[in-house]
Amino acid sequence: MPTLKYLPHYPPSLVQQAQALFDAGELPALLRRKYPDPHDVQTDKALYQFVAALKQRYLKNAPLPSKVLYDNQQHPLKGTLGTNTTISRV
C-alpha cells in the first residue's frame, strides 16, 4: 500500500479519507470529476500574463516581476511548490 507523500502535514482524518479513496481506486475518478479541465498555463508567456493579472488584482502598487519562467520538467512532488530562487550579489 503506497502512502500519499504529498499530504503529510494535513489533518489525519483528511489523509485517511484520501488514502481510503486511493486504495479503493476511486481517487483518480474523483479528481477528474472535480477538476475536469486542465489549466491553460503551459508556457512562459501564459504564466507571465497570469502573474501580471494576479499582481494587478491583489498588489496594485507592487512592481511587475522581472522574470517568470514555466518549468515543465520539474517533478510534481520534489521541489515544485514554493520553489524560489534568488541570485545573491555582493
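Leu54 sits in helix H3, which spans residues 44-58; helices (H or I, at least four residues) and strands (E, at least two) are DSSP runs, numbered from the N terminus. The model is predicted: local features need pLDDT of at least 70, side-chain atom pairs count only at pLDDT 80 or more, and totals for chains, interfaces and linings use all residues. Residues are numbered from 1 along each chain as its sequence is written, and side-chain values use heavy atoms, without hydrogens or water.

Leu54 has a relative accessible area of 36%, so it is partly exposed. Buried means under 20% relative accessible area, exposed over 50%, and partly exposed in between (1.4 Å probe, protein chains only).

Lys55 counts as buried because its relative accessible area is 10%. Leaving aside neighbours within four places in sequence, Lys55 is in contact (heavy atoms within 4.5 Å) with Lys60, Ala62, Pro63 and Leu64.

Val68 belongs to the segment after H3. Its relative accessibility is 15%, so Val68 is buried. Beyond neighbours within four places in sequence, Val68 contacts Asp44, Leu47, Tyr48 and Val51. A C-alpha separation of 9.8 Å is found for Val68 and Ala46, which are 22 residues apart along the chain.

The second largest pocket has a volume of about 200 Å³. On a 1 Å grid over the protein atoms alone, a pocket is an open set of points with protein on both sides within 12 Å along at least five of seven lines; lining residues have an atom within 4 Å of a point. Grid points are joined across faces, edges and corners, and the volume is the space filled by probe spheres set on the points. The lining includes Leu4, Tyr6, Leu7, Lys34 and Tyr35. Helices H1 (12-24) and H2 (27-34) each supply at least two lining residues. H2 gives the largest share, four residues.

Overall, the chain has three helices and zero strands, in the order α-α-α along the sequence. Of its 90 residues, 11% are buried. Among contacts between residues at least 6 apart in sequence, 21% join residues at least 24 apart. The accessible surface (Shrake-Rupley method, 1.4 Å probe; for residues, only the protein chains shown count as cover) is about 8500 Å², and carbon and sulfur atoms account for 58% of this surface.

How values were computed: On a 1 Å grid over the protein atoms alone, a cavity is a set of points where a 1.4 Å probe fits but cannot get out, and a pocket is an open set with protein on both sides within 12 Å along at least five of seven lines; lining residues have an atom within 4 Å of a point.
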